[in-house]
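Dear colleague,

I am passing on the structure we spoke about, together with some notes on what was found in it. Please read the notes with the model open beside them.

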Amino acid sequence: MEIDDNHVDYWIHFWNNNPIIENENLQKQIGRTINKVPVDQNVWEKTVEDIKRIIDLDAHDNIIDLCSGNGLLSVPLAQRCKQVIAVDISKKLLDRIDTNKYKNIVKIEGDLRNIKFENDSYTKAILYFALQHFSERESILIVKSVYNWLRPGGLFFIGDILDIDKKFVFYRTKKWQKEYFNSIITRRSIGTWFKRDYFEKLASFIGFKKCQILDQPPFQINSHYRFDVIMEK
């Protein structure tokens, strides 16, 4: 399933106006819940540590955190690296990031489809829990842009990707399947699902020298229907 432009505009409206943004819980603000229960803090901390390990986080890294939201990843990364550029379409979510406290975080309000950075400028880039908000065509353009922004040897981590082969592992009950088909009709679905080997082929097409598809560890909340990818320029 591919999201069209009207659906992407729906997400822009959603992340600027939905009442969940006003919730005091950081996980609820960005919709990371199971049956409306936010991700356990210990589980999230383990998830962050796993991401740090995958990207081999270094004190000299300057990182672009794309679709950063309220800084759930930007903040812990910034505590261990030189600089984090937090990019998001939602001013309300970006406002949650305290750049007085975390002075090495730079916030940029902008649409990832249109944002520009200098080529060969960043050691790492992250796009977490957000690729589903873009169409297949847009995913190609995003990966191409990130490739240009990264320095040689730079890493691009794409996390929490919807696995199309696990779609009905997620929509496993008749009730949820009904909601799924209705969401397609109304263009209010969870987002774009991808095949795993799509990223291997895409990375090669763009010019990345390495691409690894990663199973999420079982403790992560979405490991039964999502996966991660790491690409090296």
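**Notes on the model**

Ser-183 is placed in helix H8, which covers residues 174-186; helices here are DSSP runs of H or I with at least four residues, strands are runs of E with at least two, and both are numbered from the N terminus. Ser-183 is buried, its relative accessible area being 10%, where buried stands for under 20% relative accessible area, exposed for over 50%, and partly exposed for what lies in between, with a 1.4 Å probe and protein chains only. Leaving aside residues up to four places away in sequence, Ser-183 touches Arg-188 and Ser-189, a contact being heavy atoms within 4.5 Å.

Before going further, please keep in mind that this is a predicted model, in which local features need pLDDT of at least 70 and side-chain atom pairs count only at pLDDT 80 or more, while totals for chains, interfaces and linings use all residues. Residues are numbered from 1 along each chain as its sequence is written, and side-chain values use heavy atoms, with hydrogens and water left out.

**The chain as a whole**

The secondary structure of the chain amounts to nine helices and nine strands. The C-alpha trace spans about 50 × 40 × 35 Å along its principal axes. Of the 233 residues, 51% are buried, and among the contacts between residues at least 6 apart in sequence, 67% join residues at least 24 apart.

The chain exposes about 11,600 Å², of which carbon and sulfur atoms supply 50%; accessible areas come from the Shrake-Rupley method with a 1.4 Å probe, and for residues only the protein chains shown count as cover. The mean positions of the 35 positive and 32 negative charges are 2 Å apart, with Lys and Arg counted as positive, Asp and Glu as negative, and His and the chain ends not counted. Each charge is placed at NZ of Lys, CZ of Arg, CG of Asp or CD of Glu.

**Cysteines**

A search of the whole structure finds zero disulfides, a disulfide being a pair of cysteine sulfur atoms within 2.5 Å. Cys-81 is accordingly in no disulfide, and the nearest cysteine sulfur, that of Cys-67, is 18 Å away; Cys-81 is also buried, at a relative accessible area of 7%. For Cys-211, the closest cysteine sulfur is again in Cys-67, at 19 Å, which is too far for a bond, and Cys-211 is partly exposed, with a relative accessible area of 23%.

**Backbone points to look at**

Asp-56 has a positive phi of about 55° although it is not a glycine; Asp-56 sits in the loop between helix H3 (41-55) and strand S3 (62-66) and is exposed, with a relative accessible area of 56%. Asp-160, also not a glycine, has a positive phi of about 60°, but Asp-160 is found in strand S7 (residues 150-162) and is buried, with a relative accessible area of 1%.

Glu-49 belongs to helix H3 and counts as partly exposed at 42% relative accessibility.
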